[in-house]
Protein chains: 2
Amino acid sequence: MELSKLGEFGLIKKLQKKIPAISAEVLAGIGDDAAVLKVPDKKILVTTDMLIEGVHFDLSFTTFYQLGHKFLAVNISDIFAMGGDPKYFLISIGIPEKCGSDDICELYSGINHIAGKFGISIVGGDTCASKQGLVLSGTLIGNTAGKAITRSGAKAGDGIFITDTIGDSAMGLLLLKGQGSGAKGQKLKAQSLKLIRRHLMPLILPLKDTRKVTSMIDISDGLLADLGHVCDESKTGAVIYKEKIPLSRELRAVAKDLGRDPFEFALKGGEDYALLFTAPANYRTSAHRIGEIIKKGRYIIDGNGIKTRFKAEGYQHFK
Amino acid sequence: MELSKLGEFGLIKKLQKKIPAISAEVLAGIGDDAAVLKVPDKKILVTTDMLIEGVHFDLSFTTFYQLGHKFLAVNISDIFAMGGDPKYFLISIGIPEKCGSDDICELYSGINHIAGKFGISIVGGDTCASKQGLVLSGTLIGNTAGKAITRSGAKAGDGIFITDTIGDSAMGLLLLKGQGSGAKGQKLKAQSLKLIRRHLMPLILPLKDTRKVTSMIDISDGLLADLGHVCDESKTGAVIYKEKIPLSRELRAVAKDLGRDPFEFALKGGEDYALLFTAPANYRTSAHRIGEIIKKGRYIIDGNGIKTRFKAEGYQHFK
């Protein structure tokens, strides 16, 4: 249905019906000036992320369902990066004329699916027209049972760990843009599709045991950039071993086919949403240990033992 | 300075310096994946508002300072409408190429000024490029000493009150658009400027004593539309006395000069941000009593005692 027939308040009513029953902790939700929320503790975590058409996403690459998934996923990732539990989500959305109410309902389906998976209630937002493209802005509120884990607690001697393979998302984006469309054979095509899917619908998982973790960040700007943020905030240096960085079989295969270095995607590509954390060097974890925090300087050591300095290269707006 | 020289992280550092010392209740603020906030109670209020260039504002009418003021003011108004105290603000901003870092610093000055006035800490956000126009999305977190006041508590027999004159903002917008530029004489010019200022930098004030208040909303969509929201949520009707609606001297004078009915602006114009509330009919208050809640039907009674039905007319996106 066209939004001009439905109107703002008609759309809000329609979306309200799509939103699953919310938790008893929501004392007032959508349909008031502000949401009233019970919080389990006198301490909360809050993060906000904005996604703008033409900058963060391209509607010719993503479905509205996938976009809804990613929109909430990137916010959840920020709460996980603080060692927290996500609880309440607010959705602001600027809708251009070209979008119909079915598109927006699809977007909400994607949001609802991942919200349900992690027990998140949608408690409010703002719905308005956009003369520009589609604009999404989300705010996620969470809490922590223990201490919140910031970027600033890394100490020289700590190990540097990542929770998952990285680089898939950046390669997926390259493939989406058609710059790797030459893939031959069924297997390579399936692998390419998996990488594209990782870009469009990132997998996110919390780190279960964070008791000994000294600092944490999610890899959204790229490994070197995000490790740089930890070093900046912790006032330390870092050394990483290139060959210890975990790469997926799919990334290795597709990069080989394209004659590209897969580590370039892992080091500088963003939007992986794996967690990077530091902990005592002897920390027992299923995460991948890729280096150490040192007092000063930022180095990368390759398979031949050659050490080079690195800069915090990664995605940066305006540059 | 151009943003392309400064980059995203350079801009964030610059803005961080502009933000005044934040309260001790902010355990982690800007510069981490999420803010960590102490809340005085195990209950919070949260509101979010999005402002999009070309829909909500026009950069040829407003300065960046005024825009910053209004951006936070509309969010504060929502917290006041719940009977709450605003505490923490998160700012997401999509910046188009045409804006320089000086513009964004001006915007932050406007935000900081009103934040300081109400003791609000700026604790986080998201800064990104926009290929569309300027996009602002804010989230404000507050708390209430007592019960949060929703839209749904009005009862038949309650009086309907508003805290301030209304209609100024809608007339100010008309004047800004040049549709009332014929104003002659110094006095009328000064009055026009005051109305324009009310549109660009709305005055907002909390209702101090809310103990007997049964429902509340801020007048952002227009009196009839917002009273309609209260009736919808409370499942009641309402009757208002047109001549009891408080109008500013400026609105009366300028409307007369333009040959327009000032009550049209008060009833259907939005963005006044006065508070509309209901309370027992004998409630003692300095606010203006303009009508009563009844069981069913929505009526307006004019100076001649003529009663007509009203619809919830006011601004609605997409229509």
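The expected span of a helix is 1.5 Å times one less than its number of residues. In the predicted model examined here, helix 3 of chain A (residues 101–118) comprises 18 residues, and the distance from its first C-alpha to its last is 26 Å, close to the 26 Å expected at 1.5 Å a residue. The buried positions of helix 3 of chain A are Ile104(A), Leu107(A), Tyr108(A), Gly110(A), Ile111(A), Asn112(A), Ile114(A) and Ala115(A). Just after helix 3 of chain A, Gly119(A) adopts a positive phi of about 70°.

Helix 2 of chain A is mostly covered, with 16 of its 17 residues buried.

The largest nonpolar core contains 188 residues, and Phe89(A) and Phe89(B) have the most contacts inside it. When residues up to four places away in sequence are not counted, Phe89(A) touches Leu72(A), Asn75(A), Ala115(A), Ile120(A), Ile122(A), Val123(A), Gly138(A) and Leu140(A). Among these partners of Phe89(A) is Ala115(A), itself a buried residue of helix 3 of chain A.

Helix packing was examined for a further pair in chain A. Helix 5 (residues 186–200) and helix 7 (residues 249–258) of chain A pack at an angle of about 115°, and their axes are 9 Å apart. The crossing of helix 5 of chain A past helix 7 of chain A is left-handed. To this contact helix 5 of chain A contributes Leu188(A), Gln191(A), Ser192(A), Lys194(A) and Leu195(A), while helix 7 of chain A contributes Glu250(A), Leu251(A), Ala253(A), Val254(A) and Asp257(A). By class, the residues of this contact are 5 nonpolar, 2 polar and 3 charged.

In chain B, Asp168(B) lies in helix 4 (residues 168–176). Asp168(B) counts as buried because it has 29 C-beta neighbours inside 10 Å, the threshold being 20 or more. Its contacts, not counting residues up to four places away in sequence, are Leu195(B), Arg198(B), Ser248(B), Glu250(B), Leu251(B) and Asp272(B). The C-alpha atoms of Asp168(B) and Gly10(B), which are 158 residues apart along the chain, are separated by 40 Å.

The contact between the two chains draws 62 residues from chain A and 62 residues from chain B. Strand 3 of chain A (residues 43–52) supplies 9 residues, the largest share of the side of chain A that touches chain B. That side of chain A consists of 28 nonpolar, 20 polar and 14 charged residues.

Terms used:
Residues numbered from 1 in each chain as written. Chains lettered and ligands numbered in written order. Predicted model: local features only at pLDDT ≥ 70, side-chain atom pairs only at ≥ 80, totals over all residues. Axes fitted to C-alpha atoms, helices over the stretch in contact; angles between N-to-C directions. Helix = DSSP H or I, 4+ residues; strand = E, 2+ residues; numbered from the N terminus. Left-handed = near helix turned anticlockwise from the far one by under 90°. Contact = placed C-beta atoms within 7 Å. Nonpolar A, V, L, I, M, F, W, Y, C, P; charged D, E, K, R; others polar. Buried ≥ 20, exposed ≤ 12 C-beta atoms within 10 Å, placed from the backbone. Core = buried A, V, L, I, M, F, W, Y, C linked by C-beta atoms within 7 Å.
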